[in-house]
Amino acid sequence: MHFLFLFGSGIIIGLIVAAPIGPVNLICIRRTLAYGPLNGFFAGLGAALGDGMFAVVTGFGLTAISQGIEGYSTLLKLAGGLMLLGFGVHIFRTDVSMLRDAEGGQPRDNGPRPLIRTIASTFALTITNPATLFGFAALFAGLGSLTGGEATFFDASVTVFGVVWGSTLWWFTVTTIVGIFHRHIDAGIMRSINHVFGAAVTTFGVIVLGDLARRLF
């Protein structure tokens with residue numbers, strides 16, 4: 001059950017990080033509209049690999065810290081809860097007006113770009129965004145699955161694997177839906193997605209801080 005919890009936490013983290021409508025989502029939407037769902041999915045796969053890199057850095061880093069510094073998990077949870085609140089508000093308020101550019105992509109009959117180049121471009125875009133690392137730090141610390149003193153590097157590996165699966169699941173879902181219903185996807189729908197995930201992440205932050213306050217007081 002413990003490993004299922006770690007894997008499930010990783011999937012949740014992967015979904016939360018991948019879901020906000022930002023540059024990578026717009027690229028995936030644009031390539032799905034222009035070249036079809038397969039090309040869009042491979043663009044998302046590059047982002048999922050980038051998320052995996054950040055998850056490795058964050059997950060193994062938190063495990064090492066929690067093993068080396070007794071009582072540090074309380075500070076990590078406090079920082080994580082506060083960052084989750086800010087992260088959720090940012091997602092909720094994200095401007096999706098750029099979606100018009102994605103809808104105006106190249107015609108679908110232009111043929112797919114090389115898939116390796118597609119993966120490489122979104123991978124590079126993901127790993128060069130420092131905000132993603134802060135997001136992972138907030139989520140890992142907030143969920144608290146790796147901040148206990150007994151966390152092991154195997155636990156971190158299971159969580160990282162879950163992150164990659166969660167992120168990949170998101171990109172598969174998005175590109176499939178856009179490919180099927182591309183004529184009905186507009187900025188309003190994307191704004192609703194951001195509002196739902198922003199509210200969900202903010203709620204996570206409130207729960208984390210509430211649980212921490214209950215334990216301290």
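1. Salt bridge. A search of the whole predicted model finds 1 salt bridge. The partners are the side chains of Arg214 and Asp211, with a distance of 2.8 Å from N to O. Arg214 and Asp211 both belong to helix α9, where they stand 3 residues apart and are thus separated by about one helical turn. Arg214 counts as exposed, because its relative accessibility is 57% and the term applies over 50%.

2. Another residue of helix α9. Helix α9 covers residues 187-216, and Val196 is found in this helix. With 54% relative accessibility, Val196 counts as exposed. Val196 and Phe92 are 104 residues apart in sequence, yet their C-alpha atoms are 7.6 Å apart in space.

3. Aromatic pairs. How many aromatic pairs does the structure hold? The structure holds 4 of them. In one of these, the ring centres of Phe7 and Phe161 are 5.8 Å apart and the planes meet at 35°, so the pair is tilted. Phe7 lies in helix α1 (residues 2-18) and Phe161 lies in helix α8, so this pair ties together parts that are 154 residues apart in sequence. Phe7 is partly exposed, at 24% relative accessibility. Phe161 is also partly exposed, with a relative accessible area of 49%.

4. A second pair. Phe41 and Phe172 form an edge-to-face aromatic pair, with 6.1 Å from centre to centre and 90° between the planes. Phe41 lies in helix α3 (residues 37-68) and Phe172 in helix α8, so the pair ties together parts that are 131 residues apart in sequence. Is Phe41 buried or exposed? Phe41 counts as buried because its relative accessibility is 19%, and the term applies under 20%. Phe172, with a relative accessible area of 49%, is partly exposed.

5. Ring cluster. Ring pairs also link three residues into a cluster, namely Phe7, Phe161 and Trp165. The tilted pair of Phe7 and Phe161 described above therefore belongs to this cluster.

6. Nonpolar surface patch. Which residues make the nonpolar surface patch of about 290 Å²? The patch is made by Ile177, Ile180 and Phe181. Ile177 lies in helix α8, which covers residues 153-181. The relative accessible area of Ile177 is 38%, so this residue is partly exposed.

7. A buried threonine. Thr126 lies in helix α6 (residues 115-127). At 6% relative accessibility, Thr126 counts as buried. Leaving aside neighbours within four places in sequence, the contacts of Thr126 are Val24, Ala47, Gly50, Asp51, Phe54 and Thr132.

8. Confidence of the prediction. The mean pLDDT of the chain is 75, and 75% of the residues reach 70 or more. Among the elements of the chain, helix α8 has the highest mean pLDDT, at 87. The lowest mean pLDDT, 51, belongs to helix α5 (residues 99-103). Over residues 105-112, pLDDT stays under 50. For these residues the model has 17 contacts beyond four places in sequence.

Notes: Residues are numbered from 1 along each chain as its sequence is written. This is a predicted model: local features need pLDDT of at least 70, side-chain atom pairs count only at pLDDT 80 or more; totals for chains, interfaces and linings use all residues. Side-chain values use heavy atoms; hydrogens and water are left out. Patches are made of residues with over 30% relative accessible area and no salt bridge: like charges are joined within 9 Å, nonpolar side chains (Val, Leu, Ile, Met, Phe, Trp, Tyr) within 5 Å. Accessible areas come from the Shrake-Rupley method with a 1.4 Å probe; for residues, only the protein chains shown count as cover. A salt bridge is a side-chain nitrogen of Lys or Arg within 4 Å of a carboxyl oxygen of Asp or Glu. Helices (H or I, at least four residues) and strands (E, at least two) are DSSP runs, numbered from the N terminus. Buried means under 20% relative accessible area, exposed over 50%, partly exposed in between (1.4 Å probe, protein chains only). Rings of Phe, Tyr and Trp (its six-membered ring) pair if their centres lie within 6.5 Å; planes under 30 degrees apart count as stacked, over 60 as edge-to-face and the rest as tilted. Contact means heavy atoms within 4.5 Å. pLDDT is the predictor's confidence in each residue, from 0 to 100.
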